[in-house]
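Take a look at the protein below. This report walks through its parts one at a time.

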Amino acid sequence: MSEKSVAIVGATGAVGIEFIQVMEKLNFPVSKLKLLASKRSAGKKLKFRGEDCIVEETSHDSFKNVDIALFSAGSPISRHYADIVKESGCVMIDNSSAFRMEPDVPLVIPEINPEDANNHHGIISNPNCSTIIMLMAVYPIYKKYRVKRIVLSTYQAASGAGWEAMEELRKASLAHLNNEPFEQKIMPHPYAFNLFSHNSKMLENGYNEEEMKTFKETRKILHDSTINITATCVRVPVFRAHSESINLEFVEMAPSVEECRTLLANFPGVQVVDDRQNNTFPMPLDASGKYECLVGRIRKDESLPEKAINLFVCGDQLLKGAALNAVQIALLLV
Ligand SMILES: NC(=O)c1ccc[n+]([C@@H]2O[C@H](COP(=O)([O-])OP(=O)(O)OC[C@H]3O[C@@H](n4cnc5c(N)ncnc54)[C@H](OP(=O)(O)O)[C@@H]3O)[C@@H](O)[C@H]2O)c1
């Protein structure tokens, strides 16, 4: 593997910090690492392989002699720097939603469609976190048995909205327990001991953006324009790791529960947690910090036993839903 010069834009954020740790853990061949953020963080020190790295303010000159730029600072920043990154001969791996649906931008989950990464024109997008975690549970079965429709319900953690949302959940929870007033600034509704419809933009069809992303991105990743998804995305007061309930309806007969368990257990990046005897199934606390997505509650859908099954998945969206998936994409380029 050839060593690459890598820049991380948004290095001080919830995802950015994970980028650094994942690159260390996966022993990514780095010749030079540049940590970039906003002016606010310039001069901060972060550790990489035991050594201090100074965070720099992102500028138009930041991408000279950089091979791979991992972006995780929001869509406006990705859009602002995209042309500059490409002109520098650097490949952008973007965590934001800015380019995901553009036809010449591959949308990649390395366990599922790694070959798409070869068709990039300077940008590769990382899919939405809920989409990645759902597809890690669906694809091992889908690969063998064609799926007609997915009914998805998500239980999404605060970390999906960054550091500030996690901090707000912590403070709101303390205030709630102490019977003190608390003013929400990041989330639109009281978050402690509550849940609410996902805080992305509401669209004219009554779905929110997060829900529509799972539908559109799945079709693109699977190259399947026939698969249908109806999603309900909800924020729950969990710090880290999303949970998702999935109902899969097949074109032909549904596979047996045993077959699904075997397919899932043999798929890289998936761990089956399906202990009916002890009522132990995937939980966000267990998925937090893990590279694998945990899948369980594998059962026939009793309302459509010949055709449908149910699954439950928990995945750390800062890792497989963001940083880990992006670093895995970068590894495809070395
Ligand atoms: N959280 C997730 O699970 C997740 C999953 C998938 C995708 N994403 C996407 O990843 C992005 C970041 O998410 P996050 O959760 O890590 O957010 P976050 O914790 O709020 O971090 C945001 C990062 O962006 C940097 N930033 C802000 N303005 C900047 C500017 N003008 N120039 C350069 N850097 C700037 C911040 O730097 P300062 O510290 O200097 O402010 C910080 O490092 C978003 O696009 C999000 O949609 C997040």
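## Helix 5 and its end

Start with His223. This residue sits just after helix 5 and takes a positive phi of about 55 degrees. Most residues other than glycine have a negative phi. Keep in mind that this is a predicted model.

Now step back into the helix. Helix 5 covers residues 209-222, which is 14 residues. At 1.5 Å a residue it should span 20 Å, and its end C-alpha atoms are 20 Å apart, so the two agree. Which residues of helix 5 are buried? They are Glu210, Glu211, Lys213, Thr214, Glu217, Thr218, Lys220 and Ile221. An α-helix has 3.6 residues a turn, so residues three or four places apart point the same way. The cover over the buried residues of helix 5 includes helix 3 (129-142), strand 8 (147-156) and strand 10 (228-235).

Is Asn179 buried or exposed? Asn179 is exposed, because 6 other C-beta atoms lie within 10 Å, and 12 or fewer count as exposed.

Asn279 is not a glycine either, yet its phi is positive, about 50 degrees. It lies in the loop between strand 12 and helix 7 (284-287). Asn279 counts as exposed, with 6 C-beta neighbours inside 10 Å.

Strand 9 pairs with strand 10 in the antiparallel sense, over two bridges. Phe196 has Arg235 of strand 10 as its bridge partner. Strands of a sheet pair through backbone hydrogen bonds.

## Strands 5 and 6

Strand 5 (residues 68-71) and strand 6 run parallel, joined by four bridges. Ala69 stands opposite Met92 in strand 6.

Strand 6 (residues 91-94) is covered on both faces. Val91 and Ile93 are buried on one side, and Met92 and Asp94 are buried on the other. In a regular strand the side chains alternate between the two faces of the sheet.

## Two domains

The protein chain is divided into domain 1 (4-126 + 322-333) and domain 2 (131-317). Their centres, taken over C-alpha atoms, are 25 Å apart. Where they meet, 13 residues of domain 1 are in contact with 15 residues of domain 2. On the domain 1 side, helix 8 gives the largest share, three residues. The residues of this side divide into seven nonpolar, four polar and two charged.

## Around the ligand

How many residues surround the ligand? There are 30, and the closest are Gly13, Ser38, Ser41, Ala73 and Gly162. The shell divides into 11 nonpolar, 17 polar and two charged residues.

Four helices each supply at least two residues of the shell: helix 1 (14-25), helix 2 (75-87), helix 4 (163-177) and helix 8 (319-333). Helix 1 has the largest share, three residues. Why does the ligand lie between the domains? Domain 1 and domain 2 both give residues to the shell around the ligand, so it lies between them.

Terms used: Residues are numbered from 1 along each chain as its sequence is written. This is a predicted model: local features need pLDDT of at least 70, side-chain atom pairs count only at pLDDT 80 or more; totals for chains, interfaces and linings use all residues. A residue is near a molecule or strand if its C-beta atom, placed from the backbone, lies within 6 Å of it. Ala, Val, Leu, Ile, Met, Phe, Trp, Tyr, Cys and Pro count as nonpolar, Asp, Glu, Lys and Arg as charged, and the others, Gly among them, as polar. Domain bounds come from an automatic or database domain assignment. The expected span of a helix is 1.5 Å times one less than its number of residues. A residue is buried if 20 or more other C-beta atoms lie within 10 Å of its own, exposed if 12 or fewer, and partly exposed in between; C-beta atoms are placed from the backbone. Two residues are in contact if their C-beta atoms, placed from the backbone, lie within 7 Å. Two strands pair if DSSP finds at least two bridges between them.
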